[in-house]
Amino acid sequence: MKSISSRDNPLYKELKHLASSSQARRKSGRTLLDGVHLCQAYRQHLGEPQLCIVSESSAHHHEVEPVVARCLASGTQTICLPDALYHALSQVEHGVGLMFIVATPTPEFPALLAQSSVVLDNLQDPGNLGSILRSAAAAGIKNVFCSIGTAFAWSPKVMRAGMGAHFLLNIFENVNLHSLLETATIPVLATSSHTEHTIYQVDLNRPVVWLFGHEGQGVAEDLMALATHTVTIPQRPEIESLNVAASAAICFFEQVRQSQ
């Protein structure tokens, strides 16, 4: 295992740029997995990382040591950083010092929208996006399509909120949603407060596409016009609307309930 102690080291400079710049992550097609849980989940589902990074104080941690040993055994480049250098890369406070650098997965884009899927129009909040990804994976939905303007799915904040869900999903970004929805061969459902049909009155014992939009503005009108069904989630009138991540979870698990 190689040790790096200088901030001027070329590899460390590259890692610092990758950690601090969403543009750098998008351009390089790589992202950072910060923390033991994400690293373990990645190895379980997708294999070995490009690079393993460990802090000096965590090198012999009972959860970190076996992960590092497996990386070394597989030939994965592994580096150890002084805690100060490691923490300059990490956005996790008081976390265990383990990080992977991995290639951002690039699944094959489907020709038709024929499987249960989630379509996200201009969703802004990384926490909401990560929560939706986590709920989708838990509900057995495989494909997630994100419009231009939706938060970067592989950012550290979204990754932490997703808790490993990314590795169970096919995530497509910068998608032209209008063109995508026109290929749908299954119902497209959008939530709306301007309909009387509740989520519990719709037949969900079949594949469907779930369409969700911006936290404040909702789904764009041209996309809403492509929805085959609009549904509402019953709630008390004192609250104007549910958080989009909460709405998505209710929808996904009502589909799970009806399918059992």
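Residues are numbered from 1 along each chain as its sequence is written. Because the model is predicted, local features need pLDDT of at least 70, side-chain atom pairs count only at pLDDT 80 or more, and totals for chains, interfaces and linings use all residues, while side-chain values use heavy atoms, with hydrogens and water left out.

Let's start with the overall layout. Where they meet, 13 residues of domain 1 are in contact with 13 residues of domain 2, contact meaning heavy atoms within 4.5 Å.

How much area is buried between domain 1 and domain 2? It comes to about 1200 Å², and carbon and sulfur atoms give 67% of that; buried area here is the accessible area (1.4 Å probe) that two parts lose on being put together, summed over both. On the domain 1 side, Arg 26, Leu 38 and Gln 91 supply 38% of the area buried against domain 2, more than any other three residues.

Two residue pairs do make polar contact across the interface, both at pLDDT 80 or more. A polar contact is a pair of N or O atoms within 3.5 Å; within protein, one must be able to donate a hydrogen and the other to accept it, and residues adjacent in sequence count only if both atoms are side-chain atoms.

Helix H2 (22-28), strand S2 (30-34) and helix H3 (36-45) each bring at least two residues to the domain 1 side, and H3 gives the largest share, five residues. Helices (H or I, at least four residues) and strands (E, at least two) are DSSP runs, numbered from the N terminus.

Just after H3, Gly 47 takes a positive phi of about 105°.

Finally, find Asn 143 in strand S7 (residues 143-147). Asn 143 is buried, with a relative accessible area of 5%, and its side chain makes a polar contact of 3.2 Å with that of Gln 115.

Key. Buried < 20%, exposed > 50% of the residue type's maximum accessible area, 1.4 Å probe, protein only.
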